[in-house]
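Reader: I am new to protein structures and would like to learn how to read one. Where do we begin?

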Amino acid sequence: MSILEIDISVGPVFGLEKRSPDRTEGPRHLKLSIPNASQVYTVRKLVSELSNHEHLAEMFLDGKARALKGNAIILLNGTHIDLLSGLDTQIRVGDRLVLIPFIDGG
Amino acid sequence: MGRKTIFGYMGQILRVDLSEKRSWNEELDEETFQKYVGGVCLGAKYLSEEVPQGVEWSSPENRLILVTGPLAGTRVSGSGTFCAVGKGPMTNMATSSQANGFFGAFLRFSGFDGLIIQGRASSPTLLLIHNSKVEFRDASHLVGKDTLETEDAIKLELGLGRKLSVYAIGPAGENLVRFACLVGDGGHVVAHNGLGAILGSKNLKAIAVHRGEFRPPIKDNNRLSTLAKKLLQDAKNFNNGRLYKWGTNGVFPAAVKGGFLPIKNYTTNVFEDYEKLTPQYTRTHFEIRPRPCWACGLHHVHHVRVTEGRYEGLEGEEPEFECVNAWGPLIGNHDPGALVMLSNLTDRMGLDVNESGWTIAWVIECFERGLLTKRETEGLEMTWGNVEEISKLIKKIAHREGFGDILAQGVRYASEQIGGEAAKLAVYTQKGNTPRGHDHRARWSELLDTCLSDTGTIEATFGPLRPDLLGQPPVENQFSPEEVPRISAMVSGWHQFEDCLGVCRFCIKNPFLTVQCVEAVTGWKMDLDYAMTVGRRAINLLRIFNLRHGLRREMERPSPRYGSVPVDGPVKGKGIMAEWDKLVENYYSHMGWDPKTGKPLPKTLQVLGLDHLIHDL
């Protein structure tokens, strides 16, 4: 059995608030431990794991299909995963992932 | 009024001829409303029918068409919106731009679904609309005043205070700056493609509408009430409540990390020390209070007072995401107080913040590289983040003074005038307009949309592609030359339908509930297909208008810098131009247009009920 630990930065920075920090924004960083992970681990598997984390699931997964929301961005070591192999991009121990819950408009 | 009631509508348009100082009402039948609904689609119909080939944007024959929609002035949140349509100066083609506030609701309460302005006044004029009556008032004493001063002066003069909605031009519109905008209701903006310059060309300083006694007839008030509550709750929860909590600038931290923040005129995708520009900082350090639009429970718009730094004590509208980008990363500024100063100055002068930002960022890059010197800038030290010098240049543009006169034509014209290496550095589309304040090289769908749109700004998209909101699978690859145009075309029409309704886009994030609201108001049987057809009708009407007015395929491209390859950040090394022709042709095909020319195919027009335009092609 192996344990894969991945640092996840949940996109936007919070905790800058001077007053009344908003606790509902959730964690800024998260270590996700996945027991029984094989040597080859993909972003697609990571996305399926998010459904076990209520706050992350709400932020990143489509309610019915549990697929990654179309407005989310994932960076692996600073590069957009769509420039790599998309959801099939492989993750290795020590990689740095950034998950960005995309926001519309502006 | 003695007419047959058309649920959801006042049933008439107000027509104003400034040359003849005359106005009259034009009734519309229910069939016309069912086909065009309102806003951009109804505006596109009038523009297409009344502004023929050869009429320039500054001609008295050009139209300024302001249209609301069936939800305007109802209990649906944010229903004070209207859509402005005309032939715009930046592209010299069609434009469609929306503004919120109160004007859309008050126009309906004065008895009209829309207002069409034609001709040119012989002297500066204020148009006052009051319970279906129209007055042409002298506005000579308002000339030279900025947009907010003008609004305040008119409200004081008429003694109507908050019962009056005023949209006005500032010095930029009076001086026919090509990217002049129309500002009203305390800082809302009809921003894109120079609609303020159209008012200037017509000698129209301001339009004021009184909150009259009329109300739109609603078919099923109980159903609308229930749906409006659901829609508001959905908008508050949308994207984990970010807009509700943080306003449009809630996207800023994601933009920093996602690579779609426009930084120093696209010279980099890395922006350090950005934290003070986030709303998590400004909304908890500065003094803010909500300043909601008509009937709005989302109230993302706020008033702000700067409480620290060089601009402490300054008050004004809280800068929205577009303003933060233009006067933050784009010009290399990290001071949130300076953002408030520059954003409010831009609004007061009556300038579109996007074009202003791109123009000044280009000047700065040229200055930093030695392509422009103090000789050209007339002594201004145009370096990154030099906000005081930038504020001086904004005023010079609005008044067309010296170097500002060249810049008043927009960044494409100015860069072509300077020429040489400087010409390669400007961000614009080959139609002549500039993008919103984003780095679209990290968001291909919006870069494609900005270049192919017929409105002078985005048309098919609004931020990232969201097929999931329409019940479709999400995007798999945001840089695919097949998937991006296919899904862009699939969702194309929805946002144009939104712009037919007279309600703020931020308040109607659930398409299915939105369509049901229109049903409740009008009594019509409606579904998503109906809505999408109306939106696509608007798109095709504007495209045919543009084809008549000179649109060619080679104009549907980004400038070299706009389409350049990012040198760092999350999409480093990925350039869109290698795929450009494929993206364009795929989009044309999926839209039912000729894949080589972009002209709508006869079959496409037939399906949309626009058979009468086939002969145009």
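**Reading a predicted model**

Author: In chain A, 50% of the 106 residues count as buried. Keep in mind that this is a predicted model.

Reader: What pattern does chain A follow along the sequence?

Author: The pattern is β-β-β-α-α-β-β-β-β. That makes two helices and seven strands. Among the contacts in chain A with a separation of 6 or more, 61% are between residues 24 or more positions apart.

Reader: Now chain B. How do I read a sheet?

Author: Strands of a sheet pair through backbone hydrogen bonds, either parallel or antiparallel. Here is a case: six strands of chain B form an open sheet in the order S2-S1-S6-S3-S4-S5, with mixed pairing.

Reader: Which strands stand at the edges?

Author: Strand S2 (22-27) and strand S5 (93-99) of chain B do. Each has a single partner strand, so one side of each is left without a neighbour in the sheet. On average, neighbouring strands of this sheet are turned by 20° against each other, direction ignored.

Reader: How many bridges join S1 to S6 in chain B?

Author: Five bridges join strand S1 (residues 12-17) to strand S6 (residues 114-118) of chain B, and the two run parallel. To find one place in this pairing, look at Val16(B), which stands opposite Ile117(B) in S6(B).

Reader: Which helices should I look at beside this sheet?

Author: Helix H2 (residues 39-50) of chain B lies across S1, strand S3 (64-67), strand S4 (82-88), S5 and S6 of chain B. H2(B) runs at about 30° to S4(B). H21(B) also packs on the sheet, where it touches S4 and S5 of chain B. The direction of H21(B) makes about 140° with that of S5(B).

Reader: What is the order of the strands in the open sheet that contains S8 of chain B?

Author: The order is S8-S7-S12-S9-S10-S11 (chain B), an open sheet of six strands with mixed pairing. Strand S8 (133-138) and strand S11 (188-190) of chain B stand at the edges. Each of these has a single partner strand, so one side of each is left without a neighbour in the sheet. Neighbouring strands of this sheet are turned by 20° against each other on average, direction ignored.

Reader: In which sense do S7 and S12 of chain B pair, parallel or antiparallel?

Author: Strand S7 (residues 125-130) and strand S12 (residues 204-210) of chain B pair in the parallel sense, over five bridges. Within this pairing, Leu126(B) has Ala206(B) in S12(B) as its bridge partner. H4(B) packs on the sheet and touches S7, S8, strand S9 (164-168), strand S10 (182-184) and S12 of chain B. Its direction makes about 145° with that of S9(B).

Reader: How do I read the sides of a helix?

Author: An α-helix has 3.6 residues a turn, so residues three or four places apart point the same way. Take helix H22 (residues 580-590) of chain B, whose buried residues are Trp580(B), Leu583(B), Val584(B), Tyr587(B) and Tyr588(B). These cover an arc of only 125° around the axis, which puts them on the same side of H22(B).

Reader: What do the buried residues of H22(B) pack against?

Author: They pack against helix H17 (444-452), helix H18 (483-491) and helix H21 (528-548) of chain B. After H22(B) comes Gly592(B), with a positive phi near 80°.

Reader: How many residues of H18(B) are buried?

Author: Seven of the nine are buried, so H18(B) is largely enclosed by the rest of the structure. The buried residues are Glu483(B), Val484(B), Pro485(B), Ile487(B), Ser488(B), Ala489(B) and Val491(B). They pack against H17, helix H19 (494-498), H21 and H22 of chain B. Gly493(B) follows H18(B), and its phi is positive, near 120°.

Reader: Now a loop residue. Why does Arg505(B) count as buried?

Author: Arg505(B) counts as buried because its relative accessibility is 13%, and the cut-off is under 20%. Arg505(B) lies in the loop between H19 and helix H20 (511-522) of chain B. Leaving aside neighbours within four places in sequence, the residues in contact with Arg505(B) include Ile458(B), Phe462(B) and His495(B).

Reader: And how do I read a pocket?

Author: Look at its space and its lining. The second largest pocket holds about 630 Å³ of space. It is lined by 27 residues, and the closest to its centre are Glu151(B), Arg162(B), Asp185(B), Gly186(B) and Arg291(B). Helix H4 (147-158), strand S15 (315-317) and helix H11 (336-349) of chain B are the elements that give two or more residues to this lining.

Conventions: Residues numbered from 1 in each chain as written. Chains lettered and ligands numbered in written order. Predicted model: local features only at pLDDT ≥ 70, side-chain atom pairs only at ≥ 80, totals over all residues. Heavy atoms only, no water. Buried < 20%, exposed > 50% of the residue type's maximum accessible area, 1.4 Å probe, protein only. Helix = DSSP H or I, 4+ residues; strand = E, 2+ residues; numbered from the N terminus. Arc of directions from axis to C-beta. Contact = heavy atoms within 4.5 Å. Pairing = 2+ DSSP bridges. Axes fitted to C-alpha atoms, helices over the stretch in contact; angles between N-to-C directions. 1 Å grid on protein atoms, 1.4 Å probe; cavity = no way out; pocket = protein on both sides within 12 Å on 5 of 7 lines; lining within 4 Å. Points joined across faces, edges and corners; volume = space filled by probe spheres on them.
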